[in-house]
Amino acid sequence: MKLIILLSRVPYPTEKGDKLRAFHQIRTLAKNHEITLIALSDQKIHPKSIEILQEYCHKIHVFKLSKPGLLFNIIKVLFNGKPFQVGYFFRSGILKKIQKIVSDTNPDHIFCQLIRMAEYARLLPQQKTLDYQDVFSMGMKRRLSNSPLFMKPLYFWEYKRLLKYENFVFNNFNHKTIISEPDRELIPHEDKNQIVVIPNGVDSEYFKPRQSNKKYDVVFTGNMGYPPNVDAAEYLAKEIIPLLRQRIPLVSLLLAGANPHPKVKALAAENITVSGWVPDIRECYASSRVFIAPMRIGTGLQNKLLEAMSMQIPCITSPLANNALGATENKEILVGSATEEFAEHLYQLLTNLTLAHSIALNGQQYILKNYNWDSSTSALEKLFILK
């Protein structure tokens, strides 16, 4: 089958959730299909990205988003009713080029990741699938409560537009997918049950247990420029860790991940390390005793939890994140809702080695059983052959 895959970013390196999902889906789909990749880029492309992607893609087209075009589109969305998330990535000139590629390729199916790319695909005549992945409208709504007062009107405006657009594009696609059942329930369409849940997987051969010196007590990883991760990092460093230090004064924290926001950089202090980009994130997991993801905003499945649990690191998270993950509380993961509860869970895992080992082992087995790229992409593949 000839597939065209439309992405808002070049899917390498995989430091962001949408890029990681796309990369592994492409890698797996390439075993049975001919893939033409069309990706946008608003920044410098990693020097190895095209070389690595060529291993899986028959053809690759990358269109750069110019800064002047961005300014023009921001002005346009003020009047056309579309969300900024959509307007930021849309260019009429790129649309014409994509239409030409589709015409020349004559694909059997078009796979479009995220509503950001829907404008490029929704009116094409071919069979097509939209991967909502996350519910952008709810993510924006959750950011409202923690946003500065002067930003609240803008965020609310974007939330309402996203809500409308997620509903609007639903019927333009033959099939729809999403990352988890809780996210599917948030899609504002009466036929949302038609959306197929395609969870992420984890490369358990890559993210497997390894021996390493435990330099840190606690670790949190992720794209540290992404607002939900920035919020979680600040919450962890400013509220949870100080409370834990009343019982373990010298507890150490590692905040690891690309593109750290100035707010994250400012958290660096004695016994708090902000690493920035690391070439091998496995070292961050392996060198830490406990992983915590105290997510308060955002949507979707947290890849960081899949990776840490796959490496047999005992994990703690919030109900928001575990609703998508589906792990059993107090058996495969610990779940906290309040600052005191997070601090208590950290204390227990750092002082009770039997509990830590049990949570780590059960968590790893849960991930191995439920989160596999081959099986999740196989479910996606089945949609492509449906009419």
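A crossing of two helices is called left-handed if the near helix is turned anticlockwise from the far one by less than a right angle. The legends below describe close-up views of a predicted model.

**View 1. Helix 7 and helix 8 cross in a left-handed sense.** The axes of helix 7, which spans residues 136–144, and helix 8, which spans residues 152–168, come within 8 Å and cross at roughly 160 degrees. Because angles over 145 degrees count as roughly antiparallel, helix 7 is roughly antiparallel to helix 8. On the side of helix 7, the residues in contact are Phe136, Ser137, Met140, Lys141, Arg143 and Leu144, and their partners in helix 8 include Tyr155, Phe156, Tyr159 and Leu162. The residues of this contact divide into eight nonpolar, one polar and five charged.

**View 2. Helix 13 packs against helix 16 at an angle of about 115 degrees.** Helix 13 covers residues 303–310 and helix 16 covers residues 353–370, and their axes lie 8 Å apart. This crossing, too, is left-handed. Leu306, Met309 and Ser310 of helix 13 meet Ala360, Gly363, Gln364, Tyr366 and Ile367 of helix 16, and the residues of the contact comprise five nonpolar, three polar and no charged.

**View 3. Tyr88 and Phe89 form an aromatic pair, one of 14 in the structure.** The pair is edge-to-face, with 4.8 Å from centre to centre and 65 degrees between the planes. Tyr88 is partly exposed, with a relative accessible area of 26%, whereas Phe89, at 5% relative accessibility, counts as buried.

**View 4. Five aromatic residues form one cluster.** The members of this aromatic cluster are Tyr206, Phe207, Phe220, Tyr285 and Phe291.

Note on methods
Residues numbered from 1 in each chain as written. Predicted model: local features only at pLDDT ≥ 70, side-chain atom pairs only at ≥ 80, totals over all residues. Heavy atoms only, no water. Axes fitted to C-alpha atoms, helices over the stretch in contact; angles between N-to-C directions. Helix = DSSP H or I, 4+ residues; strand = E, 2+ residues; numbered from the N terminus. Contact = heavy atoms within 4.5 Å. Nonpolar A, V, L, I, M, F, W, Y, C, P; charged D, E, K, R; others polar. Parallel < 35°, antiparallel > 145°, perpendicular 65-115°, else oblique. Phe/Tyr/Trp six-rings, centres within 6.5 Å; stacked < 30°, edge-to-face > 60°. Buried < 20%, exposed > 50% of the residue type's maximum accessible area, 1.4 Å probe, protein only.
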